[in-house]
There are 2 protein chains.
Amino acid sequence: MATMKQVAERAGVSTSTVSHVINKTRAVSEDVRQRVLAVIDEMGYIPNAMARSLKNDKTRTIGVSVPDNTHAAMAELLRGIEDTAFAVGYNIMLCNGYEDPQRQVAHLRSLIEKRIDGLVLVAGAARANEELAALLSSGRVPVVLADHAVAGVDAATDFVGLDHEATGYLATRHLLELGHRRIACVAGGEHEPSGQERLAGYRRALAEAGLAPDPGLLVHGSADCQGGHDAARRLLALEQPPSALFACNDLMALGALCAAREAGVEVPAALSVVGGDDLGVAAFATPRLTTVAQPNHEMGRQLTELLLQRIRGEPAPRSHARLQGRLVVRHSSAAPQAH
Amino acid sequence: MATMKQVAERAGVSTSTVSHVINKTRAVSEDVRQRVLAVIDEMGYIPNAMARSLKNDKTRTIGVSVPDNTHAAMAELLRGIEDTAFAVGYNIMLCNGYEDPQRQVAHLRSLIEKRIDGLVLVAGAARANEELAALLSSGRVPVVLADHAVAGVDAATDFVGLDHEATGYLATRHLLELGHRRIACVAGGEHEPSGQERLAGYRRALAEAGLAPDPGLLVHGSADCQGGHDAARRLLALEQPPSALFACNDLMALGALCAAREAGVEVPAALSVVGGDDLGVAAFATPRLTTVAQPNHEMGRQLTELLLQRIRGEPAPRSHARLQGRLVVRHSSAAPQAH
DNA sequence: CTGTTAGCGCCTTCAA
DNA sequence: TTGAAGGCGCTAACAG
């Protein structure tokens, strides 16, 4: 691959001149400029960013560590990050951590070796192990946290997340306003942070309505379709089944819809279902799912803006934003049947 | 950040010794080794991969250009790539091209500047513009093509894709075997390659069964839920509606399911629906969707293995693999109603 | 307006 | 078993 030196020779100028025409970093006479440009084009010269980075100590690439890029919400977040980064000439390195601290550490080390300018860390349920925490808090790399604090990482780290509590609250209040009183909650794993927060919102809404939460109407399980399916089946088999159900995420809600149908329970006539996320398919579920949409792309954008600020060294107060979800009422929720 | 030189000074040895203990590239006396290691640990030294790359001309990072990482199939593919790359110590740079040649070129230039070792290119429907084609065929970077040839790129470029034709064939034959004769096809855009291939498989199956394709039973539209919904609605409003429907992908199939329900058409009693992809939610659709699962993760794996071979310079015959989908029969397909 | 020079951090001959 | 030195490709003083 052609180097700057070769370009310089061919154009009969010094490398610094070539460098300056490329970077427009000092005046160059028009004819020399044209000549250099011509040679660059002719030789198909493309500058070596590594060599440049070695000097300025800036790679214009940021790392993104997510639990799993196939989760729809992560994918949207990732997209928000990439879009924002691209707009200002940054590239992103993607790492799937799969909630495995070993793997996360290996990834992060690799990213640091490659001298990423910053890191967007989307932690999963798992907590950081010591090694990861040490790497993160060594101050080697500016970090912003997405959606969840990470145990072991400085609590003052910049943060942008979703307001999961509000999501649970909005969904539940919607059901309450429709007149429901026996409202179940299908939650994910007990250690999954976002699920716990959504559950808290569910409880707050009930409390505000003067309802005591019925422990029999709360089911934990895996935070996917299968988990939602199993949980709903159990709830529908209850002697006094709920008239409505809030699933902490859309995948579980979709699973619940499936279980209801298989149990011969009409939605929304006999059971209202509300999810949370607003996946693309939610609008086309049977029936179309009422849910709380989450601004994942926007979260990615804000995280990236924030990170770029830190990279530039702009002093800004520590951020701790919580983005609000938005209730989207469709056809899976309705007033309870009269008895 | 600590440099090798600083480590060397602190340990009272030369940088070359430090380099050699790090890379185990020549014998070092045990006590010196221990001392160096201790200093590295104490200083938290992490080698600078850029400086290293400047020498070896290898970055151990590969670029991945996809149309959109939020599409479920892309996300799985991406995951397959990342998994495989990580296993051998490579990182990946993710680029969303959004079918925009301008953007793709900008991304690719950036990747080349950063001297990626290779590129996995997932082209969308759009064709490469001249500039992109030129960059790709300049031989600067080993490239493997995912799922679709790219106009303007050397036809001999390594390739791993899905056998979309077989997918359409499998889905349609399944419906034929159930006894259907009026089988509609909900296809995506007319210029979308995978959709076209699946459509071809549909036609082949019909032809084998001695059926002439009814042009009125083929509907093109956008390749998403909305497109599937609209297409199905039109088909169901026909004077002689089909008894079965093959949607070229699951999103469209889900949309079709939604439309059927809204039109009061029972699935599978009055209409069988088969999709293609086997998204996670397909198994929990109402009713659970019969579809053709695609080995997207495996495709990512094979693409990456192939690319790594090329990067290593191993001479291998050009690959042109087509991975087979697998029919997954669930509850959205059944024998047609007797009249 | 242009060229010379000294590194950035690391690897790798070549010598000792 | 170890060190010295040159150079990967580029940028940025410093001179002219």
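Residues are numbered from 1 along each chain as its sequence is written, while chains are lettered from A and ligands numbered from 1 in the order in which they are written. In this predicted model, local features need pLDDT of at least 70 and side-chain atom pairs count only at pLDDT 80 or more, whereas totals for chains, interfaces and linings use all residues.

Biologist: Which element gives the most to the surface near DNA strand C?

Modeller: Helices (H or I, at least four residues) and strands (E, at least two) are DSSP runs, numbered from the N terminus. With 6 residues, the element that gives the most is α2(B).

Biologist: How many residues of chain A are in contact with chain B?

Modeller: Contact requires C-beta atoms, placed from the backbone, within 7 Å of each other. On the chain B side, 44 residues take part. Elements of chain B that give two or more residues there include α5 (72-87) and α6 (101-113). The number in chain A is 44.

Biologist: In β2(B), which residue is the bridge partner of A:Met93?

Modeller: Two strands pair if DSSP finds at least two bridges between them. Here 3 bridges join β2 (residues 91-96) of chain A to β2(B), and the two run antiparallel. The partner of A:Met93 is B:Met93.

Notes. Two residues are in contact if their C-beta atoms, placed from the backbone, lie within 7 Å.
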